[in-house]
Amino acid sequence: MIMFAPLEHVFAAKRQPFFRKEWLTDFAFHLFQTLLWTKLTLFSIEWLHHSFNAFIWIMPVRNLFSEQNLFLQILWIVFLSDFLIYWGHRLSHQIPFLWNFHKIHHTAVALDWLAAFREHPFDNIYTRVIVNLPALAMGFSLDAVAGYVIFRGLWGNFIHSNTPFGLGPFKYILGSPRLHHWHHDFDKNSRCNFANLMPVMDVMFGTFYDPGKMPEKYGIDDSISHRYLPQILLPVFPFLRKFFR
Ligand SMILES: [Zn+2]
Ligand SMILES: [Zn+2]
């Protein structure tokens, strides 16, 4: 908040109050993700870390990898994790079982740094596991992985922020608010800009979209309640729908 609230105040893409529509829903997502659900995500990542370390067949690949200099290793990890998460994200829009959880993220009708936290816990585990697979497979320490998670998390807040940045000539190299806001556009129906960090993935696979301006309207055409509890419960227990009108 200390970083993004002043940035959004000075460079606001849309005029909206700090406590804008559905602010409380997104704040609840932030609170419970940080205090509760993150434990599940961390457990999954730690389990994978131990599983990979016990998998001796991966050792020759790790040795080859660790012979390269650290800068190249990091570049490889970022590239591979973005490749995986590009397809992981794209599939979560195409496979109904995955969309059932990912659509929660797309119900946001106003975007800012806080809206980045609107994510179903299962969608969060799915995303974090996929994005960290290359680093875990190549034997990076959990400390290094944690640093990477924080960096990606902050970038996630940035691309959701209520700012119009398109990053000029770097727009193919680094994800920006303008590109990700089009991923949330109501009319485009999430058919573009699936990459978070490296838009070059969208260029490679034909989903890059940048008309040079910000979208007008965000969200999806779905009747699910926009309050926290139904957004958490209904993807898992759809029969509870009648209680959350
Ligand atoms: Zn999406
Ligand atoms: Zn988003």
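In which hand of crossing does α6 pass α7? In this predicted model, the crossing of α6 past α7 turns out to be right-handed.

The chain is built from ten helices, with zero strands. Reading along the sequence simply gives α-α-α-α-α-α-α-α-α-α. As for overall dimensions, the C-alpha trace spans about 55 × 45 × 35 Å along its principal axes. A compact globule of 245 residues would have a radius of gyration near 18 Å, and the chain comes out at 18 Å, so the two agree. Buried residues account for 29% of the 245 residues. Contacts also reach well along the sequence: taking those between residues at least 6 apart, 66% join residues at least 24 apart.

Back to α6, which covers residues 121-137, and its partner α7, which covers residues 142-160. Their axes lie 10 Å apart and pack at an angle of about 155°. With roughly antiparallel meaning an angle over 145 degrees, α6 therefore counts as roughly antiparallel to α7. On the α6 side, the residues that meet α7 are V131, N132, A135 and L136; on the α7 side, they are A144, V145, Y148 and R152. Sorted by class, this contact has six nonpolar residues, one polar and one charged.

Helix α6 also packs against α4 (residues 70-94), here at an angle of about 150° and with the axes 7 Å apart. That angle makes α4 and α6 roughly antiparallel to each other, therefore. The crossing of α4 past α6 is right-handed. From α4, the contact draws on I77, L80, S81, L84, I85 and G88. From α6, the residues involved are Y126, T127, I130, V131, N132, L133, P134 and A135. By class, the α4 contact with α6 comes to ten nonpolar and four polar residues, with no charged ones.

An α-helix has 3.6 residues a turn, so residues three or four places apart point the same way.

That leaves α5, the helix at residues 96-106. Its buried residues are H102, K103, I104 and H105. These buried residues pack against α4 and α6, and also against α10 (228-233).

Conventions
Residues are numbered from 1 along each chain as its sequence is written. Chains are lettered from A and ligands numbered from 1 in the order in which they are written. This is a predicted model: local features need pLDDT of at least 70, side-chain atom pairs count only at pLDDT 80 or more; totals for chains, interfaces and linings use all residues. Axes are lines fitted to C-alpha atoms, for helices over the stretch in contact, and angles run from 0 to 180 degrees between N-to-C directions. Helices (H or I, at least four residues) and strands (E, at least two) are DSSP runs, numbered from the N terminus. Angles under 35 degrees count as roughly parallel, over 145 as roughly antiparallel, 65 to 115 as roughly perpendicular and the rest as oblique. A crossing is left-handed if the near helix is turned anticlockwise from the far one by less than a right angle, and right-handed if clockwise. Two residues are in contact if their C-beta atoms, placed from the backbone, lie within 7 Å. Ala, Val, Leu, Ile, Met, Phe, Trp, Tyr, Cys and Pro count as nonpolar, Asp, Glu, Lys and Arg as charged, and the others, Gly among them, as polar. The radius of gyration is taken over C-alpha atoms; the globule rule is 2.2 Å times the number of residues to the power 0.38. A residue is buried if 20 or more other C-beta atoms lie within 10 Å of its own, exposed if 12 or fewer, and partly exposed in between; C-beta atoms are placed from the backbone.
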